[in-house]
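Hi everyone, thanks for coming.

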There are 2 protein chains.
Amino acid sequence: MAYRFSRRIVSTPKSFIRETLKATQAADIISFAGGLPNPECIDTAGIGRAAADVIREDGKRALQYATTEGHEPLREYIAERYRRRYGLDAQPDEILITNGSQQCLDLIGKVLIDAGDAVAIERPGYLGAIQAFSLYEPVFQPVPLAPDGPDTGVLEETLRTHEPAFFYGIPNAQNPSGITYSDRRRRECAKILAEYETVFVEDDAYGELRFDGKAMVPVARHLPGLGVMTGSFSKIFSPGMRLGWIYAPADLYEKLVIAKQASDLHSNYLSQRILSRYLEANDIDAHIATIRDAYRMRAQVMVQSMEELFPDGVAFTRPEGGMFVWVTFPEGISSLELFERALAHRVVMLPGVPFYTDGGGESTGRFNFTNADPETIRKGIGIIGDLLREMRG
Amino acid sequence: MAYRFSRRIVSTPKSFIRETLKATQAADIISFAGGLPNPECIDTAGIGRAAADVIREDGKRALQYATTEGHEPLREYIAERYRRRYGLDAQPDEILITNGSQQCLDLIGKVLIDAGDAVAIERPGYLGAIQAFSLYEPVFQPVPLAPDGPDTGVLEETLRTHEPAFFYGIPNAQNPSGITYSDRRRRECAKILAEYETVFVEDDAYGELRFDGKAMVPVARHLPGLGVMTGSFSKIFSPGMRLGWIYAPADLYEKLVIAKQASDLHSNYLSQRILSRYLEANDIDAHIATIRDAYRMRAQVMVQSMEELFPDGVAFTRPEGGMFVWVTFPEGISSLELFERALAHRVVMLPGVPFYTDGGGESTGRFNFTNADPETIRKGIGIIGDLLREMRG
């Protein structure tokens, strides 16, 4: 059958990340390709207790239909944490529970993008966002990342010339680059966005995973009425339960709720209840501190291994948080070729090309450090170092 | 702030159903408005055991990221049930796990509708589908329902004249009308759809809830390559866990997976595992039989109450399954006015207007019978009967 597909789906590529992950799930593979939390950082026992409590005490309600906006105590928890941690004036009726961060991006695309609209995005940009927004047929306008945040000259020029529907960025430990915006850069971005009355979609999937544990002031704090934040419990609780949220001003919130209703009525209510119970019964800050320690140590091992085992001329970021190191290979080294060669040696990383909405990035790659133990990280980086020498050879 | 919203979201109304439900959740209200399963039909204890088993035995994996397509044994279960119950040649790689039926509609809209495309839909049509598809800006072409299924003359004319992206219908115990397509009508629809090479989106949320327990042959069986089915565990397991599925031919399936990836990566994996475990450890057919008995009895009570307590001139369907009776009041009776008056007497039903994509339906209403006990049903119908007599003066 020749189906008559929509224009949007025909123009959306399959996610390279997920396809790659599927091909590389064999047990003997050293994988730097994914973005999986370390299994040791998932509190299975605590989640088991919370699940048992919720089903025993209030199962009939926890298993029934629920409201689109999400479980009220969970929304209050998130708002309160924003107030305390980020100094934001957040209220529960500005928090919409979603199926992980990814659905935030889909709903924002649904509500803000018409076909042909410009969307400003970091260069390199987060692949999941590129894919989610693509379905609403925007024209991406990339804003290059400097080591301390977006190139504000390009940002201003982009807002002035293209009047994008919004600017999407990840100020804390960006995916894929690992870059964190400096405080100065955050203020500059906010000033420009306010001047051009442009919404900033501030993806904060990694804000809790800053290695020093200190919260940086989000751009949204400098951008009243134009800041939309997205958050996720995938990295600090469980990715399999697909729970995230959007924090948005009232008018925008109302439209996001309509889009959410139409998309799937509401997010898994049992899981919202389990999470809410877990947060009541456990010290999430202590749990996050454990994750942070585990990831900081692994990031250090990865960066040190790269320093020692990569040939000269390879550049890489030194992340202050999150899950990724971004590598720039010497000119002429194709990371797609490196991917193929490394796979033959049972090591995988992610070539950088799909993170560029305007082409380029052939000599870049994303390395995840959270899902392997330190010895494995060192071993895998060593193998890639050898391959790089071979390829330059 | 005046945000620049997308055209699609501006033209999508908030769900009347969900807004109504919110307004009518007070404990003392007799509600025929929603579509909630009876809480007694949710096996809380069995789900609790399954949850404990999954988390204890394989928690690390059940709480981690998973594949977009869904849990393989669950997909095999669904395919096998289709083969056995419906005689379909279904394979697990044609089954995509979704967040309930509602997400099926969103994904199908994403993949098959371009703005301005025609979409054929029953008249009256399912409100959740109207809302989901609306976000992709189609032009609805309603096909009136006769007591035994769609008016096939109008269906043929619609396919010929408007070449819709697909025809969407609910052959078993349709929502809102309660009508079930006859076997003859199913074959006629399939013949016309095949002739015009038009996809049929066959929503089968209520196929398991036919009161006589016998499966009717789905339209998809007569429509190879053009049949897409959607299913739901909300009515037979738990709505709060938001689990459903799409059954689609390979080419279409591939696009749906891309749309699903972009929408939320994958459905809640812990819940998929709990459901899969539940299906292994319990006799779901016995559980479904219990639900069927409970709903058949309530449907009988509602229909009998309407026969006895409604004034002459009110027509209503006698459903063979599902959750709803559809009522047509005498001309001149506004069901919106009835809604307001009944609410003042603490009884609610759903006015029929939002189920009509082309206007009309002012004197119709949907009555849910699954979520109240028999005495309450009789009492509520009595109150509405009195109001109808009052309104006719």
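Helices (H or I, at least four residues) and strands (E, at least two) are DSSP runs, numbered from the N terminus.

What you see is a predicted model, where local features need pLDDT of at least 70, side-chain atom pairs count only at pLDDT 80 or more, and totals for chains, interfaces and linings use all residues. Residues are numbered from 1 along each chain as its sequence is written, while chains are lettered from A and ligands numbered from 1 in the order in which they are written. The pLDDT is the predictor's confidence in each residue, from 0 to 100; chain A averages 95, and 96% of the residues score at least 70. For the complex, the predictor gives an ipTM of 0.96 and a pTM of 0.97.

Now, helix α11 of chain A, residues 284-309. What covers its buried residues? The cover includes α10 (269-281), β10 (315-316), β11 (324-328), β14 (364-368) and α13 (374-392) of chain A. Buried means that 20 or more other C-beta atoms, placed from the backbone, lie within 10 Å of a residue's own. Among the buried residues of α11(A) are Ile284(A), Tyr295(A), Arg298(A) and Met306(A). The expected span of a helix is 1.5 Å times one less than its number of residues, so the 26 residues of α11(A) should span 38 Å, and the end C-alpha atoms are 37 Å apart, which agrees.

Next, the sheets. Two strands pair if DSSP finds at least two bridges between them. Chain A has an open sheet of 8 strands in the order β2-β9-β8-β7-β6-β3-β4-β5, with mixed pairing. Its edge strands are β2 (95-98) and β5 (149-150) of chain A, each pairing on one side only. Inside that sheet, 6 bridges join the parallel strands β3 (residues 118-123) and β4 (residues 139-146) of chain A, and Ala120(A) stands opposite Gln141(A).

Over in chain B, 4 strands form an open antiparallel sheet, ordered β10-β11-β14-β13. There, 2 bridges join β13(B) to β14(B), with Arg366(B) as the bridge partner of Leu350(B).

Finally, how do the chains meet? 68 residues of chain B are in contact with 68 residues of chain A. On the side of chain B that touches chain A, α3(B) gives the most, with 10 residues.

Terms used
A residue is buried if 20 or more other C-beta atoms lie within 10 Å of its own, exposed if 12 or fewer, and partly exposed in between; C-beta atoms are placed from the backbone. Two residues are in contact if their C-beta atoms, placed from the backbone, lie within 7 Å.
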